[in-house]
Structures are given as C-alpha cells and as structure tokens.
Amino acid sequence: MPDRSIWTNEALAALVEPDRVHRMAYTDQQIFDLEMERIFERLWVYIGHESQIPNPGDYYLARVGRQPMMMTRDHHGDIHVLYNRCPHRGAQLCSARNGNAGKTLRCSYHAWTFSLDGKIESIPAVNGYDGTRFDKNDPQFQVKRAPRAESYRGFFFASLAEDGPSLKDHLGHAATALDQLIDRAPDGEIEVVGDCFRMEQHSNWKIFLENQIDVSHPGATHESTGYAAMTVESELEQQGEKPPLEYTFLSDFQRIGIEGWDKFGTTGHPQGHCTLEGYMGLRPDDPDTKEYVRRMYAAYGEKRAEEILGTNLHHVLLYPCNSVQPMLQQLRTIRPVATNLTMSEIWLFRLKGAPEAIYDRSLAYYYLVNSPSTMVNADDLFNWWKCQHGLESAGGDWVSLHRNAGHDLPPDERGIIQSAPQTMSELPLRHMMHIWKDYMTDGIAAGYGERRG
Ligand code: FES
Ligand SMILES: [Fe+2]
C-alpha cells in the first residue's frame, strides 16, 4: 500500500476495488479527517426535524462533520442553522443539547447577545469598542451561518460547502423515504415523539451504514433473538392464544432464516443512497390497520392512498448519514466522532391523524428492535465493535464484498442499480464504497466539487 501520509487521489482510489475494500478506509486517522472534509462537511447532512424546535427561541445542537452546529427557531417562526460559536472569544453559545434560549442567544461568558438568526444585538459597556476596528455590521461579529441550509418537507439538512447540488438534487429519488414518512399520515403531517435514543457505537461510521442494509446478516446475527421469540409464539399458540403482531418483529429473524433474505431487493442510487425493499409490508388484516386504511382513503382517495401504502420500502439509507424506516416511522442519523467512534440518534415520528394503535405498533418496534435495550441492537453493536477490532489488526488487509459481485443489474435511466432477483447481493456495500471513492477523490460523478490531485 502507498505511504499513509500521502493520501493522493490514486492512493485513496486504490483502497476500493469492485469487490473488496482495504481496511485502512475504516481505521486511518488521516482518511477519517479527509472524510469529514470531503463528505460530512460538504454533502447535505441531517440536522433535525422542524418539530424538534416547535416554539420561538427553541434550539437543537447537531454536529456536522467536526463542526458544532445548532438549529434555531426565531420569533417569526423561521428556522436557521448556525455555528454554535460566539464571535467574541469563541465560547459555545448553547451547551444543553436542546432548549429554549428565550428572546435572544446570550453568551454566558461576557453577555454578548444575538438574535436567533445570529445577528448581533447588544454588547455590555459597548463604548469600550469606540475607536477600534469593531463594527457591529461586520459578518465576523455575527454568529456564522451554515453556508447552506434547506428543508425537505420539514426535515432540515445543512451543507458546509458554499456550492454543490441542491438538497432536492442530492436526495434525488431517495427523497421517497421522507415522502413516505409524511404521506403515511392521514393528516399529511408528522411530529417527533419526545427525545431520541442516543448511542455510542465503538466502530467506524461506514460499518453502521453497511449493516443497516446488509441482508445477509439478520438471519445470523439475530438468530438467538428470533429463536426465543418464535418459541414464545408457539407456546402461546399451544395454549390457544394468538401471539401479538409485535412478536413477529423478532421471530421473523428465525422464520426467514439466513437464506430466505434473498427475497428482498436492494438498490444503489448515484448519490450513494441505497434501499432495501419488500420486507415487512405491515398491512395485516386486523381492525386497527383497517381503520388506518379507511382514514387514508378518506384523506387521499383510494387510488392515491393505495399508491402510498403500496410503496414497500423497508429501509432507505440517505448517504452519508441517515437510515430511514418509513413504514415504521423511524429515522436514524449518525455523527462520526473518530475512526472507531460514531454517535447515533434514533427518532420516532407520530403520524398525525392515524389511530393510536398504529403509533403503538411503531413504538413497539422502536423499543423491541432499535432501542439500546433490545437484544437485536445489542447483537448488532457487538458485531460492529468486533469488526472494528478485526480491521485494526494485522490479520488481513481486505474486507470482502464478493457476494454476487458482477451480477447486479445495470443502471436504469435514473442511474439506479438493482440487485438481481433472489441474490442476497452485497450490492449496497459495494455501491457505497464506489461512491465513497468518488466523493473522496473528485466528487464529479456525484455532482460535487472539482477534480483534485
Ligand atoms: S465569548 Fe461570548 S461574549 Fe465573550
Ligand atoms: Fe441487525
């Protein structure tokens, strides 16, 4: 391999082959720094949903790459994304993760105050600046704004690059994930439920994205959980009881087994997004679902409601930071901290106008499958941690992505590639590293940046 200290475009490109990736992509500090610069501090990165800051003065802190950012709501109801840094001597303006700043952002150090869009409002004993180069209108004395901040139907993203594709262009066809989260609400609106679960993952951020959509892992990693749930289900059945639907969230891992996951298709989008389709339709024939469908028909008409409900996207990765499960009203976002440390947040949304039972069902999935307290997530976290350790060792240089390599379907007119039917392909893993290589070298294929090196 090339000298680690010189990560030229050629050296970076050499880490990614069509069917394997070099372990340095997961472990090298300089590569991590380049990822922050060329991916996380450049592409559109998720900040949060507007319902996290419903009232004037509300703020929410979110890390974008290495930068401490905050989303604020001003007294006109507008939302801004600012650096969480006072322009006086650099103190962070807000220290709680979220809260209400009141009428202004007031720095705790020397009491400079700023409006919620970052403009300076007042400085105590301001006469002390007479005759100096201080100028209240100079941008250097305002709280710096994210170069670009945009909302997609209430989901706020920021890009720390001045130029590049719009959020809509970056999301492309994968915006369907966010549309689905919203359109499944009979009232056409959603809101976050409480705070999120927040977890420290002791592994590289790419391992998380890969796992979310790796269909060859659930039947193995979650076998013990699936077995336990299936055992309880059959005990209940023997006693003449019908097991609650929620048991299938866990028992499916055992029921489908390892090889059964070849039924579910995966795709890769030109911006790096990926989907897993066809798993867990969640359209059972129970009274609660019937009532929900009735409300959807009433709100949208039968044809449109069936279009919405018939879109079976189990999991969508919005590159580089989100994993969305629209049918379960859940969204995860990751904030990389180090080569081997990633913070993750998982948010649950309520579909306005849907029966309470539908909310309860998604809450059950949130607790049973995605929360830090479930065996499902614990088994995933443990595997990711073990992968990171293995990749940091000298036990081998390459990560294998060979499953069905060379057998994926060619891109369609939108540039989206699909796994061949019945393959359990590692397409999303190969695809994300292929796009990673592009972002890390010149970004041309994805519409970002210019040719470097
Ligand atoms: S550092 Fe903020 S007022 Fe001085
Ligand atoms: Fe898993």
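This is a predicted model: local features need pLDDT of at least 70, side-chain atom pairs count only at pLDDT 80 or more; totals for chains, interfaces and linings use all residues.
**View 1. Helix α6 crosses helix α13.** Helix α6 covers residues 205-212, and helix α13 covers residues 375-392. Their axes come within 10 Å. They cross at roughly 130°. The crossing is right-handed. On the α6 side, the contact is made by Ile207, Phe208 and Asn211. On the α13 side, Asp380, Trp384, Cys387 and Gln388 take part. By type, the residues of this contact are 4 nonpolar, 2 polar and 1 charged.

**View 2. Three strands form an open sheet.** The order of the strands is β1-β2-β21, and the pairing is antiparallel. β1 (16-17) and β21 (398-400) stand at the edges. Each has a single partner strand, so one side of each has no neighbour in the sheet. Strand β2 spans residues 20-22 and is joined to β21 by 3 bridges. Look for valine 21: its bridge partner in β21 is valine 399.

**View 3. Domain 1 touches domain 2.** The domain assignment gives domain 1 as residues 45-152. Domain 2 is made of two stretches, 174-216 and 258-441. The centres of the two domains, taken over C-alpha atoms, are 33 Å apart. The contact takes 7 residues from domain 1 and 8 residues from domain 2. On the domain 1 side, strand β3 (residues 45-49) gives the largest share, 3 residues. That side divides into 3 nonpolar, 3 polar and 1 charged residues.

Conventions. Residues are numbered from 1 along each chain as its sequence is written. Chains are lettered from A and ligands numbered from 1 in the order in which they are written. Axes are lines fitted to C-alpha atoms, for helices over the stretch in contact, and angles run from 0 to 180 degrees between N-to-C directions. Helices (H or I, at least four residues) and strands (E, at least two) are DSSP runs, numbered from the N terminus. A crossing is left-handed if the near helix is turned anticlockwise from the far one by less than a right angle, and right-handed if clockwise. Two residues are in contact if their C-beta atoms, placed from the backbone, lie within 7 Å. Ala, Val, Leu, Ile, Met, Phe, Trp, Tyr, Cys and Pro count as nonpolar, Asp, Glu, Lys and Arg as charged, and the others, Gly among them, as polar. Two strands pair if DSSP finds at least two bridges between them. Domain bounds come from an automatic or database domain assignment.
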